[in-house]
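Subject: Structure for your review

Dear colleague,

Please find the sequence and structure below. My notes on what was found follow directly after them.

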Amino acid sequence: MSTFHDHPAPAPTAATGTAPDDAGEPDSTPAQPQVPSPGYADIHADDYDRWFGKPGITAATVDTLASLAGDGPVLELGIGTGRVALPLAARGLDVHGVEASAAMVARLRSKPGGDRIHVTPGDFADLPVADTYSLVHVVGGTFFELAGGDAQQRCLTAVATHLEPTGVFVLDAHLPEALAVAAASGVPEVVSETDEHLILCHRRIDPSTQTYQSHYLIHEADRTRHLRVRFRYASPGELDLMAERAGLRLRQRLGSWRGGPLAPDSTYHVSVYELR
């Protein structure tokens, strides 16, 4: 996540784990594009890994999550194509997921080990699961696909009811100030560049609604596509307040998935919450 990805226009009714990103690291957007609607995911599920895969960030994300997971089981909100879930499972963890897009789940199932991960279909705002977990996580800015503060609060409240007593909830998020500076510069971010494709991202912020839209231009095979996705952002302080209302408290806040404290030059944060 590192910053997040994009989708075609309206905000999603069910959060998926497939949007082109948005929680971000300076040298790459947070690893996982978020797809605001299952329709978009159905169209681009086969392209997602090629366009938005971030091996370096994925490895750092998996290392950090594995260090926090305990004995499991673990639950990923917006599991998508399994970018993070499959490496976690390969380390011996019992990994579960929630995902709104059947196409993204089919893509996950097509990968080695994908058939061993239990995925519950649905919107993770209301967490349609029954078990408790030692780790619940949502990465790549996917939490902010949830359309508004009410949905985000519901999600946090549901997470608290599905954590084991010593469990933790982990998410990554853009810092609004860094988003504003980047947007004001007018310089698009290079999300991915290979011999086969070029992906650029430009974000537009609307502080009156506490939202931003990520506009992605994807040029591949002499064709250019424009994808848009809307996110509802929150400051670290607002997240901490929502977490407190849900029965959680901040345990640790990192400046990136690679570790280290939040610093003045950080562009995103990784926050770890525990039960109060």
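Pro73 sits in the loop that connects helix H2 (55-68) to strand E1 (74-77). The peptide bond between Gly72 and Pro73 is cis, with omega at about 0°. Helices (H or I, at least four residues) and strands (E, at least two) are DSSP runs, numbered from the N terminus.

Please note that this is a predicted model, in which local features need pLDDT of at least 70 and side-chain atom pairs count only at pLDDT 80 or more, while totals for chains, interfaces and linings use all residues. Residues are numbered from 1 along each chain as its sequence is written, and side-chain values use heavy atoms, with hydrogens and water left out.

**The chain as a whole**

The secondary structure amounts to seven helices and eleven strands. The chain has 276 residues, and 58% of them count as buried; buried means under 20% relative accessible area, exposed over 50%, and partly exposed in between (1.4 Å probe, protein chains only). Its accessible surface is about 10,800 Å², with 53% belonging to carbon and sulfur atoms. These areas come from the Shrake-Rupley method with a 1.4 Å probe, and for residues only the protein chains shown count as cover.

**The four-stranded sheet**

Four strands form an open sheet in the order E6-E7-E8-E9, with antiparallel pairing. Strand E6 (189-193) and E9 are its edge strands, each pairing on one side only. On average, neighbouring strands of this sheet are turned by 20° against each other, direction ignored. Two strands are said to pair if DSSP finds at least two bridges between them; E8 and E9 are joined in the antiparallel sense over ten bridges. In this pairing, His215 stands opposite Arg228 in E9.

Helix H6 (176-185) lies across E7 and E8 and runs at about 110° to E7. For such angles, axes are lines fitted to C-alpha atoms, for helices over the stretch in contact, and the values run from 0 to 180 degrees between N-to-C directions.

**Residues within the sheet**

Cys201 belongs to strand E7 (residues 197-206). Cys201 counts as buried because its relative accessibility is 2%. Contact here means heavy atoms within 4.5 Å. Apart from neighbours within four places in sequence, Cys201 is in contact with Pro188, Glu189, Val191, Ser214, His215 and Tyr216. One of these, Ser214, is 13 residues from Cys201 in sequence, and the two are 6.5 Å apart in space, C-alpha to C-alpha.

Ser192 is located in strand E6. With a relative accessible area of 13%, Ser192 is buried. Not counting residues up to four places away in sequence, Ser192 touches Trp51, Lys54, His197, Leu198 and Ile199. With His197 there is also a polar contact, from side chain to side chain, at 2.9 Å. A polar contact is a pair of N or O atoms within 3.5 Å; within protein, one must be able to donate a hydrogen and the other to accept it, and residues adjacent in sequence count only if both atoms are side-chain atoms.

Ala221 has a phi near 55°, a positive value in a residue other than glycine. The phi of Asp222 is near 60°, also positive in a residue other than glycine. Ala221 is exposed at a relative accessible area of 67%, and Asp222 is exposed at 76%.

**Helix H7**

In helix H7 (residues 236-246), the buried residues are Pro236, Leu239, Met242, Ala243 and Ala246. They lie on the same side of H7, because they cover an arc of only 125° around the axis; the arc is that of the directions from the helix axis to the C-beta atoms. In general, an α-helix has 3.6 residues a turn, so residues three or four places apart point the same way.

The buried residues of H7 pack against several elements, including helix H5 (149-161), strand E5 (163-174) and strand E10 (248-254). Just after H7 comes Gly247, with a positive phi of about 95°.

**A further buried glycine**

Gly141 is in the loop between strand E4 (133-138) and H5. Its relative accessible area is 1%, so Gly141 is buried. Gly141 and Tyr233 are separated by 92 residues in sequence and by 9.4 Å in space, C-alpha to C-alpha.

Yours sincerely
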